Amino acid sequence: MSPDAETVKALLWTLHQAQQTVWAWIAALGLTPSQHGQAVWPFGQRLAAEQLLFDGGQAGRLLVSGAAVVLAAVLLLVSGFWRRARWPLWGGAVLLLVFAPWPQWSLLTVPTVPTAFHRSPTGFTAASILEGQRLYGAHCQRCHGDDGSGEGPDAARLAMWPPTLNGSLLWKRTEGELFWHVRNGLRDRAGRVTMPPASAALDDAQLWALLDFLKAQAAGQTLRKTGAWRFPVRLPDAPLRCRDTASSLHALQGQRVRLALTRGDAHALSDDPRLVTVAVGPGTSPVDCHSDDAALEAAMAVLVGVAPSALPGHRLIADRQGWLRVRGRPGVDWSADDLVCRASTPAAQAAPVAAAADGLDGLIRRMDSEPVRQVSGGFPH
Ligand code: HEC
């Protein structure tokens, strides 16, 4: 039996929630020590359910086994009230559990680390992306390359070629796993160091900032090479002023947000009732909100995959949930190609953007009707 895609997604979501709940309880009950300020995941493995997306058979087995567990629990409950039927009910529960088509657990779990579910304290800000970029240049670039593709000047001399940091790797791992791997380094099966630990040179806050940069860089580089943000990325946070009141980009969540530079972008810099326009850069501007945070400009260049000098004319739009979805190019009108973060279903990826009064209208409609589901650690959520 192979369940349909929606059922598998619901199953993944349930597994993810169950795992998070287990971790929350372990942490709340103080059953595990704290490291780096957060509770440790005490197991060497975690569920990594991405396999279920490819292997419908395993998903089916898991569903049937789950049903068997629920049924067995019901039988045990009933046996509490119906004393005379107790033995047959217990026997039934045992048979159900023994004969359930259990999935192959080795396919559904991956080795993990104590910081598996640690959350980044940065809040994904423009400032942390910029700080991460500086640290990357100083500590990582020689192996991982200018653009994260793994072709740094030292790469060819290593025992193992560094992986590209712009592929699915960053999303297959949890953030806490990446933190651990970069902090403590990696070894091959024979125990030889493949990546040296960064812990001597970088503190925890710096490591988290580096991970923000890696995500932004992966978005920009995949956009540059493939014309799409293959993995969803958030609108970074930055301070701004809206009609003389101090605010921040993340405080605008719930509304659609457009970022446009004050330099050379006169036509994008008028208010539009469909979204909140934020002018980015020095000077004054005629629109709703204004940010002169230099880090925001630098982060935008990373996210778009261009040098800062080539940024003027680019625009970014985030949806109401705070995901970056649309990228506008200098001197080019809005078109379907600007919806660079699409929903993950193949149908949505292939669907043409409906004709609309102006290009932006069609893009906004698509953005609203196809919400993003983030993938992390093999789980959509
Ligand atoms: C001496 C070369 C070198 C340096 C310096 C280096 N790396 Fe690596 N990195 C590697 C190699 C080689 C691998 C693959 C190791 C493996 O899979 O065993 C790797 C793997 C990774 C991975 C993938 C980890 C995973 O979960 O599989 C990340 C992320 C990463 N590096 C980030 C960084 C960051 C951030 C820095 C800077 C602080 C850095 N690296 C510095 C060589 C390097």
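Donors here are N, O and S atoms within 2.8 Å of the metal (3.2 Å for Na, K and Ca); water is not among the atoms, so sites may look incomplete. This is a predicted model: local features need pLDDT of at least 70, side-chain atom pairs count only at pLDDT 80 or more, and totals for chains, interfaces and linings use all residues. Residues are numbered from 1 along each chain as its sequence is written, and side-chain values use heavy atoms, without hydrogens or water.

Select the iron atom of the ligand. Its protein donors are His144 (NE2) and Met195 (SD), 2.0 to 2.1 Å away. His144 sits in helix H7 and Met195 in strand S6, 51 residues apart. Helices (H or I, at least four residues) and strands (E, at least two) are DSSP runs, numbered from the N terminus.

Stay on the iron. Its six donor atoms subtend angles of 88 to 178°, which makes the arrangement octahedral (six donors, opposite ones over 155 degrees apart and all others between 65 and 115).

Now select the oxygen atoms of the ligand. Look for polar contacts, pairs of N or O atoms within 3.5 Å. A polar side-chain atom of Arg173 lies 2.6 Å from a ligand oxygen. For an N or O atom in the His181 side chain, the distance to a ligand oxygen is 2.6 Å. For Thr194, it is 2.7 Å.

Key. A polar contact is a pair of N or O atoms within 3.5 Å; within protein, one must be able to donate a hydrogen and the other to accept it, and residues adjacent in sequence count only if both atoms are side-chain atoms. Four donors count as tetrahedral if all angles lie between 85 and 135 degrees; four count as square planar and six as octahedral if opposite donors are over 155 degrees apart and all others between 65 and 115; anything else is irregular.
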